[in-house]
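Please look through the sequence and the three-dimensional structure shown here.

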Amino acid sequence: MTAIQPMKSERTEAQPAAETADIAGIAESPRSPCFDHAPHPGYLRLLETGELAERARLLDAMQSPCVLCPRRCGVDRKSGRTGVCGADHRPKIAAASIHMWEEPPITGMRGSGTIFFSGCTLQCIFCQNYPISQLGAGRILTPEELARQMLRLQKRGAHNINLVTPTHQAPAFVQALLVAASEGLRIPIVYNTSGYESVEALRLLEGIVDVYLPDVKYDSDEAARLCSRRSDYVAHNRAALLEMWRQVGPIRTDAEGLAYRGMLVRHMVLPDNLAGSEKCFEFLAREIGPDVWVSLMNQYFPAYKALQVPPLDRKATSDEYESAFKALERLGLHNGFVQECDGAPEGE
Ligand code: SF4
């Protein structure tokens, strides 16, 4: 994993390692647009008013027949059937652990409490987590057991609950959140997603999710079809990003530099500019503006089926990554993070 640094017009060497060995290699928290006292997570207010239970009910109805994501498979997951994501109505997770390698406002000093859901609504041929996302690795829990995992992560010091690939499990995690919040959960919810989302489902998460961490993966449906087996990614992704932005706006951090609200968009540079990085950033700059936070990622390597599909059978070159970074600069998107460049040199 390469180190993540605050975005600057000229990248510098990584900051000295932090005092805790756990976060060696991660730079200090970035400048942020405002520092203030973090309010309570939004879900606590919804719990008090009874709205959280109503949202859980409405999300549950969306999976029978299932229209939770843009695929709209229409299967009745509550009767045990599964759609393309591979999940029925029960929460299935592969891991619940403290993660130290997210962006600094998510990781902080004590780490992010990640919960990796099994299954995925996309089928990316290069997925680095494919045993979890596409081969079904994981263990089925009850919502009460999932709530206990959230509380356990909070007790271990996690700064937030970071739901990884949660789209198809939204009914289950809101059901679990009802229990966990009633029993003392008080840390923000981070929604860590591929960005292939239905706006209808996202609207039911308003006030529940504190921090959105979506991808903008591609600027063309041809690339989305080749890489993720979906030809409707771009329109759904863009609509989802606008809805998330409407709900939470830019990243806001507390006095410790920890995100308590906002949206941070991730973009991973692909070989041969398959991701259309500059066009993705043009969309963000044009439709959202310079306040948006972007995390530019350089961690692509060929995994799973990508070894058989050029140009995905190689890493992005350092020139390709640099070109994406310059596009960010040119478009005035200065809030966010970049990873240290360790791409293959040109020609390899
Ligand atoms: S969440 Fe799963 S079952 Fe539901 S529409 Fe999406 S892929 Fe199909």
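Y304 lies in the loop between strand 10 and helix 11. Helices (H or I, at least four residues) and strands (E, at least two) are DSSP runs, numbered from the N terminus. The model is a predicted one, in which local features need pLDDT of at least 70 and side-chain atom pairs count only at pLDDT 80 or more, while totals for chains, interfaces and linings use all residues. Residues are numbered from 1 along each chain as its sequence is written.

Although Y304 is not a glycine, its phi is positive, about 55°. Is Y304 buried, exposed or partly exposed? A residue is called buried if 20 or more other C-beta atoms lie within 10 Å of its own, exposed if 12 or fewer, and partly exposed in between, with C-beta atoms placed from the backbone. Y304 has 19 C-beta neighbours inside 10 Å and therefore counts as partly exposed.

The loop between strand 10 (293-297) and helix 11 also holds P311. A cis peptide bond, with omega about 5°, joins P310 and P311. Another cis peptide bond links S64 and P65, where omega is about 0°. P65 is placed in the loop between helix 2 (51-61) and strand 2 (92-99).

T165 is a residue other than glycine with a positive phi, near 55°. This residue is found in the loop between strand 5 (161-164) and helix 6. T165 is buried, because 23 other C-beta atoms lie within 10 Å.

Helix 11 (residues 318-330) contains F325. With 20 other C-beta atoms within 10 Å, F325 is buried. Which residues does F325 touch, not counting those up to four places away in sequence? They are L296 and V338, where two residues are in contact if their C-beta atoms, placed from the backbone, lie within 7 Å. F325 and L296 are 29 residues apart in sequence, and their C-alpha atoms are 7.5 Å apart in space.

Attention now turns to a pair of helices. Helix 5 (residues 143-155) and helix 6 (residues 170-182) pack at an angle of about 65°, and their axes are 8 Å apart. Here axes are lines fitted to C-alpha atoms, for helices over the stretch in contact, and angles run from 0 to 180 degrees between N-to-C directions. The crossing of helix 5 past helix 6 is right-handed; a crossing is left-handed if the near helix is turned anticlockwise from the far one by less than a right angle, and right-handed if clockwise. On the side of helix 5, the contact is made by P143, E144, L146, A147, M150 and L151, and helix 6 contributes A172, F173, Q175, A176, V179 and A180. By class, this contact has 10 nonpolar residues, 1 polar and 1 charged. Ala, Val, Leu, Ile, Met, Phe, Trp, Tyr, Cys and Pro count as nonpolar, Asp, Glu, Lys and Arg as charged, and the others, Gly among them, as polar.

The buried residues of helix 9 are Y233, V234, N237, A240, L241, E243, M244, W245, Q247 and V248. These buried residues pack against helix 7 (199-203), strand 7 (211-214), helix 8 (221-228) and strand 9 (259-268). After helix 9 comes G249, whose phi is positive, near 65°.

R252 lies in strand 8 (residues 252-253). This residue counts as buried, because it has 21 C-beta neighbours inside 10 Å. By contrast, E287 in helix 10 (residues 277-287) is exposed, with 12 other C-beta atoms within 10 Å.

A ligand is also present. Of the 14 residues around the ligand, C66, C69, C73, G83 and C85 come nearest, where a residue is near a molecule or strand if its C-beta atom, placed from the backbone, lies within 6 Å of it. The shell around the ligand divides into 8 nonpolar, 3 polar and 3 charged residues.

Finally, the chain may be viewed as a whole. Its secondary structure comes to 11 helices and 11 strands. Of its 348 residues, 51% are buried. Among contacts with a separation of 6 or more, 72% are between residues 24 or more positions apart.
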